[in-house]
Amino acid sequence: MKFNRINNIGGWSVFGIATLVYLITAEQTASFWDCGEFIAASYKLMVPHPPGAPLFLLLGRLFSFLALGDVTEVAHWINMISVLASGFTILFLFWTISMFSRKLLGLRSVEDITVPQSILIIGASAVGALSYTFSDSFWFSAVEAEVYALSSFFTAFVIWAILKWDLVEDESRANRWLILIAYMMGLSIGVHLLNLVTIPALGLIYYFKKYKEPTAWGIIATMGVSAFILILINNIIIPGLPSLAGSFEIFFVNTLGLPFGSGALFIGTAIIGALIWGIIYSNKKQKPILNTSLLGLAFILIGYSSYALVVIRSNYNTPINENDPSDVMSFVKYLKREQYGSRPLLKGQYYTAQVIGTKEGDPVYVKGKDKYEIEERKLSYEYDPAHTTFLPRMYSNSPQHVQKYMEVTGLKKGQKPTFIDNMTFMFKHQMGWMYMRYFMWNFAGRESDAQNANWLSPIEGLQKVPAQLANNAGRNNFFMIPLILGIIGMFFQYSKSKRQFAEVTMLFFLTGLALILYLNSPPTEPRERDYIYVGSYYAFAIWIGFAVLALGEAIGRVSSKKLGAILGTALCLSAPVIMAQQGWDDHNRSHRYFSVDTAKNFLSSVAPNAILYTGGDNDTFPLWYVQEVEGFRTDVRVVVLSYYNTDWYIGQMMRQVYESEPFPFTLTKANYKQGGLNDYLPYEDLKVKVIDVNQYLQLLKNNDKRLKLYPSANIVPSRTFSIKIDKEKVRKLGIVPEGMDSLLVDNMVFSLKKGKNALEKKDLAILDNIATANWERPIYLNNTSMQQVNFDLSQWAIQEGNAFRILPIKNPNPKSDYVDTEVMYKNLMENFHYRELDNPNVYYNEDYRNFVLNQRSSFNTLAEALLNKGEKEKARKALLFSLEKMPDIAVPYDYSSSRTLSLLFAAGENEKAIEMSKVLGDRSVEMVNYLVDKGDGSLGYEIQVNLVILGELQRALYQNGEVDLAKKYEEAYDAAVGRLQLNRNNF
């Protein structure tokens, strides 16, 4: 059989294996984080967070048709984009390794390939491709509706395509491959920009083909040209062309008085015309390089044109329309991700730097009635030069970030970092913890699936650990086999071809450590970011494949070449086999629904036509998904507070969406204008004890000069607010929970939280909604949004499920939970969803376990409230129902469970409480002893959690007469605390 046919069969076979694996293990609905947003935005072609992913949305819309009208299957089919894209990534990786291997073995023509060489090449390609198939980070992205799998496909394709170009001798035919690469890069812009960082690696391949005798200056020039192309696409074409269109738009509209869109139309027509003329000219004058370059640029722009979707759909005012990029000026801000701010790169401040001034920048324009108006001017801070540095790595003054800087570098509070400290942080934390740890997860092993889990060495992997850790599905031990093979392959490639080694190393560096340098990430993140660096794992998988060539060649020297090839392949197949075996349980997402069910539970917690304020991705995006795709509770308006600080988002709340009516506002959209007086309202002590919210809103609406003590901001004249209550109206609305009428107040009084000295725009908008609604519109917050609001509403928040309703009914005991037991009992017992939470065969990672913890806490709150009311039987039923729906065998007990067992005692379920105490107590003793002995500073939180469990456990057992068991856990607690203190003293 000819090699080309074997190569094709091998590639498609590996594609089949990878695709089948991803198909079996794929998420069946919308998982946490951005997936719910992308699925919802794809299904109805809406506008997700900047800078968008229009090509992904278009593909998602096409795939959603395969659900054949079953809305519960839409998410599954959009997930299939990642499944198929990942399968094709593996296919192109196989063929990439195959072409690299042929060059390493000096086989330019397929006719020269012998049987042993065929085995070596196919074996290397299969081992490398399958190793990447089962790598932790890539597998994670391959089974959910996120952009990273599709981005990986484009990366794999362009690398394969440049190698195909390298094999073509006919220049005219070869140039077609370059144009194809340009088109794919243009398309990839509509997914993710990761593909662009491969350009310098592609440039090296181009240079080494064109120049048989490379020089240092030639390589430097190639890197310079590659950098120019990268900057051209990333900094000029992507944001630059819309910015240029914006400049012409302002001139045409504001100066010439022409209609909106005329400037953008002119510059668009001019660019297209210039490109057409240039292509025709270069063709007539026989200038192949210019012709190929212009064609490449044209195809990049054709691919990039998918972004037209963003502006088109934004103009339809879709329910999800983030940043409202409906005109040229707002579209530029959307593309530039301006809402996220920027990080210093080459020069900037340390976290200790004091602001010594502000610098006014370019004007920010917004679309007015008949021209573009200046909304505000961009401002940048100027810092004390003594506290700035080259390549700043420790720049954030966020307290959480500052604490991490000090932990890593050993700096004391208030101590100024040196450049050595700066570099220490970069190498130790950014490159070490935030990159090498992820790299080792993929090729050595991982301690667990917990946030901030370290990588796992073979020795640690064989040591005895607590059952809780040993049974964690995310604990994977690869015995460093993939890592060792990759290092062998790397040295083998270097020994055979330094040019080819430079190409792969450049790819490895640019998609790994170079991104670390460029992104300059803060020291802590809300989630692990290993998926960003999958391109470098892709490059390392190529080296794993080359280990087959190295071992096969070595064995072939002492035996037959054929046997060497077979044994080399067999030995190296151990890498993907162990990666698959170890990784299957924590990458299999089948039968997992609680991301969607918890979203439905949030929405089921609220009354009809409610406003629900949320505070983060995971308590917002899944809710958007179930509303927009499954049509669940579309009468509820979900408001994410991070966006509520913007005028465009507040403006969207002023219109109807589905059955959800426009929000009640006293202030107008002009009062909420960005860059106006109400973006940030600092507190000024004007000796006003309490301010009436309705009067305050009227003063703001009328632009009262008494509130304008600063040129750019109104003030808050008191820390305490009040809202007058029409008690009879509230009673007639029927919103007072049974038994709480006596707690209805004449004035609802609340204050700024301790340490908070201002209202943000979002706080002002919430005050406006509460006061203007006058209790006719149900208003709710959840746990995260309650924490993010700058004033304290806890005394007025009544829990009705997983959300808190704001009512003018004062909690008589602020230290205890405030619950409408009748509504909450019905919600938790009848209206909520708990699919597969009792299935021990389903894998729940930390995100899911945390939401189960929240759900268990809601049952605890309900049970305690029922017990306080004397409804012991209902409390008992609620607690047992919770344990039935979320048993330890499926989702292990957590720290909320220590409260559960106390309530079980109170409800008369002593036997169940004791059983639960033993399971929870023994597990915590084992875990805390292990963690204390390990002495790892990063495990402080886990130690604290287990000590809290033991503390609550012994108190509950003592109170209920279980003295012997209580003493056992008390002694374990005291011993652990003593050893912990000894460790600290020794340190």
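Colleague: How do S11 and S12 pair?

Modeller: Strand S11, residues 720-724, pairs with S12 in the antiparallel sense. There are five bridges between them. Keep in mind that this is a predicted model.

Colleague: Which residue in S12 is the bridge partner of Thr720?

Modeller: That is Ser751.

Colleague: What holds paired strands together in general?

Modeller: Strands of a sheet pair through backbone hydrogen bonds, parallel or antiparallel.

Colleague: And what is the order of the strands in the open sheet?

Modeller: The order is S10-S11-S12, three strands with mixed pairing. S10 (691-692) and S12 (747-751) are the edge strands. Each of those pairs on one side only.

Colleague: New topic. Where is Ser590?

Modeller: Ser590 sits in a loop. Helix H25 (574-587) and helix H26 (594-604) lie on either side of that loop in the chain.

Colleague: Is Ser590 buried or exposed?

Modeller: Ser590 is buried, because its relative accessibility is 15% and the cut-off for buried is under 20%.

Colleague: What is Ser590 in contact with?

Modeller: Beyond neighbours within four places in sequence, Ser590 contacts Ile24, Thr25, Ala26, Gln28 and Val842. The side chains of Ser590 and Asn588 also make a polar contact of 2.8 Å.

Colleague: Last one. Where does Ile229 sit?

Modeller: Ile229 is in helix H10, residues 216-237. Its relative accessibility is 35%, so Ile229 counts as partly exposed.

Colleague: How many Å separate the C-alpha atoms of Ile229 and Thr352?

Modeller: They are 37 Å apart. Along the chain, Ile229 and Thr352 are 123 residues apart.

Definitions and conventions. Residues numbered from 1 in each chain as written. Predicted model: local features only at pLDDT ≥ 70, side-chain atom pairs only at ≥ 80, totals over all residues. Heavy atoms only, no water. Pairing = 2+ DSSP bridges. Helix = DSSP H or I, 4+ residues; strand = E, 2+ residues; numbered from the N terminus. Buried < 20%, exposed > 50% of the residue type's maximum accessible area, 1.4 Å probe, protein only. Polar contact = N/O pair within 3.5 Å; in protein donor to acceptor, adjacent residues only side chain to side chain. Contact = heavy atoms within 4.5 Å.
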